[in-house]
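Please open the model in your viewer and keep the selection tool at hand, as this tour goes from one selection to the next.

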Amino acid sequence: MARNSEAWTHAPESLEKGYFVDPKIYVDDGIFREEQEKIFEKVWLIACHESEIEARFDYRTYKHPAGHNLIIVRGEDDKIRAFLNICPHRGNALVSESSGNFTEACPSGGPYRITCIFHAWAFDMKGECVDIPRRAEGYQERVKKCDFGLREVRVEVGYGGFVWVNMDDSAPTLKEHLAGALDSLEPMLSEPLEIFHYHRAIIDGNFKMWHDTNSELYHDYLHYHNRITGFPTKEYWERKFITYKNGHAQVTGMRLKYDNYGSQAKRNLGWPGLPPNGWALVDLFPGITFNIRAPAFRIDTAIPIGPNRLFIEFRGFGLKSDTPEQRARRINDHNSIWGPFGRNLPEDLLALTGQGQALADRSEAPFILHGRNENNKIHDEVGMRHFYQEWSRRIGRSPSEPFAVKHQVAAE
Ligand code: FES
Ligand SMILES: [Fe+2]
């Protein structure tokens with residue numbers, strides 16, 4: 001029976017609250033600001049991969065979801081550091097290109113420095129202020145270079161050579177944050193990796209919708225490729241979710257039946273630590289997915305820029321040791337599944353776009369179900385529920401009743 005307006009907007013009574021969320025959590029401005037402050041400001045996020053800044057003095061910028069702009073730079077000492085992309089003089093952005101190398105001089109200053117174009121203050125790769133033009137004439141002894149260094153942001157490089165950043169100087173270490181969630185991928189991340197693919201989607205949708213999609217496999221009905229390479233196998237239905245502290249989840253591996261898709265020949269390259277045609281998947285709170293499907297490795301990082309506006313960065317990796325032939329096969333495989341015109345990724349983006357469009361109308365949005373219970377098996381939605389427990393713990397709101405009297409959810 002179809003429902004009238006009142007019934008449509010009622011929370012489902014036959015399900016406990018942990019099994020659905022109020023769609024307002026996807027569109028509310030205030031909740032988004034709280035997420036920036038209480039989640040993104042405090043967690044470890046992947047800004048880029050070390051192979052994107054391979055040479056000394058290479059840099060890359062990163063739009064941080066808590067609202068910051070960062071410069072990630074490899075120093076003369078080979079160490080990777082991150083700084084706010086803000087000049088301490090009058091707040092100008094220090095670099096405007098998304099990537100480059102500071103060995104080149106710029107119109108405002110010499111090489112091997114970060115020079116602000118506004119008044120030519122200059123900084124070295126450690127963030128120290130090394131030049132203030134006509135300092136003594138104007139500031140006398142009141143302004144000293146040593147008091148005007150850049151704001152350094154915590155960096156850890158690891159788990160496959162990724163550059164992780166954290167805005168919170170007192171946050172737990174990366175290892176503590178991950179709580180073992182990437183341990184099972186260690187054999188797959190043991191060899192040096194190299195990026196071969198980057199693209200970015202910009203969607204009218206909420207970052208949690210993307211995370212929801214990555215943390216449930218019931219939506220394999222969306223993916224023709226996954227259905228015919230996965231559903232006929234016993235291993236597919238045996239895959240299980242394993243949850244970790246701090247909101248992370250893993251789906252246990254499987255081997256896909258690519259011969260059903262007529263593409264077995266491409267797949268015999270493999271990936272270290274994975275069986276032939278193997279697939280490993282880990283989803284990290286609040287929006288990073290490691291997806292290794294031999295012979296290619298994709299990682300996505302979600303960068304919300306508003307409650308209903310999302311950048312998602314997609315990267316593809318091979319092994320640094322690849323021969324040209326091996327690399328070509330990885331690229332071909334990656335792009336045929338996960339490239340912008342591949343067989344899998346655009347389908348996920350289509351669903352996200354549809355959710356973003358439909359749920360943006362808050363008066364018409366139904367409650368969103370996360371209610372599948374299948375003993376943590378592949379079509380169970382425990383991954384999503386686990387994410388929302390952590391979300392709730394950090395935000396201090398219930399996702400099913402976000403505007404009820406604020407409550408505190410016990411730490412896991
Ligand atoms: S704002 Fe950067 S030098 Fe003045
Ligand atoms: Fe998908």
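Two strands are taken to pair if DSSP finds at least two bridges between them, and this is the sense in which pairing is used on this tour of a predicted model.

Widening the view shows an open sheet of three strands in the order β7-β8-β9, with antiparallel pairing; its edge strands, each pairing on one side only, are β7 (114-115) and β9 (129-131).

Next, select residues 345-359, helix α9, whose 15 residues should span 21 Å at 1.5 Å a residue, which agrees with the 21 Å between its end C-alpha atoms. Colour Leu 345, Leu 352, Gln 355, Gly 356 and Leu 359, which are buried; seen down the axis of α9, these buried residues fall within an arc of 100°, so they line one face of the helix. On the other side of α9, Leu 350 and Gly 354 are exposed. To see what covers the buried residues, show elements including β12 (193-203), α5 (207-214), β18 (309-319) and α8 (324-338).

Finally, colour domain 1 (45-155) and domain 2 (188-395) separately; their centres, taken over C-alpha atoms, are separated by 35 Å. Where the domains touch, seven residues of domain 1 are in contact with eight residues of domain 2. Strand β2 (residues 45-49) gives the most to the domain 1 side, with three residues, and the residues of that side divide into three nonpolar, two polar and two charged.

Technical notes
Residues are numbered from 1 along each chain as its sequence is written. Chains are lettered from A and ligands numbered from 1 in the order in which they are written. This is a predicted model: local features need pLDDT of at least 70, side-chain atom pairs count only at pLDDT 80 or more; totals for chains, interfaces and linings use all residues. Helices (H or I, at least four residues) and strands (E, at least two) are DSSP runs, numbered from the N terminus. The expected span of a helix is 1.5 Å times one less than its number of residues. A residue is buried if 20 or more other C-beta atoms lie within 10 Å of its own, exposed if 12 or fewer, and partly exposed in between; C-beta atoms are placed from the backbone. The arc is that of the directions from the helix axis to the C-beta atoms. Two residues are in contact if their C-beta atoms, placed from the backbone, lie within 7 Å. Domain bounds come from an automatic or database domain assignment. Ala, Val, Leu, Ile, Met, Phe, Trp, Tyr, Cys and Pro count as nonpolar, Asp, Glu, Lys and Arg as charged, and the others, Gly among them, as polar.
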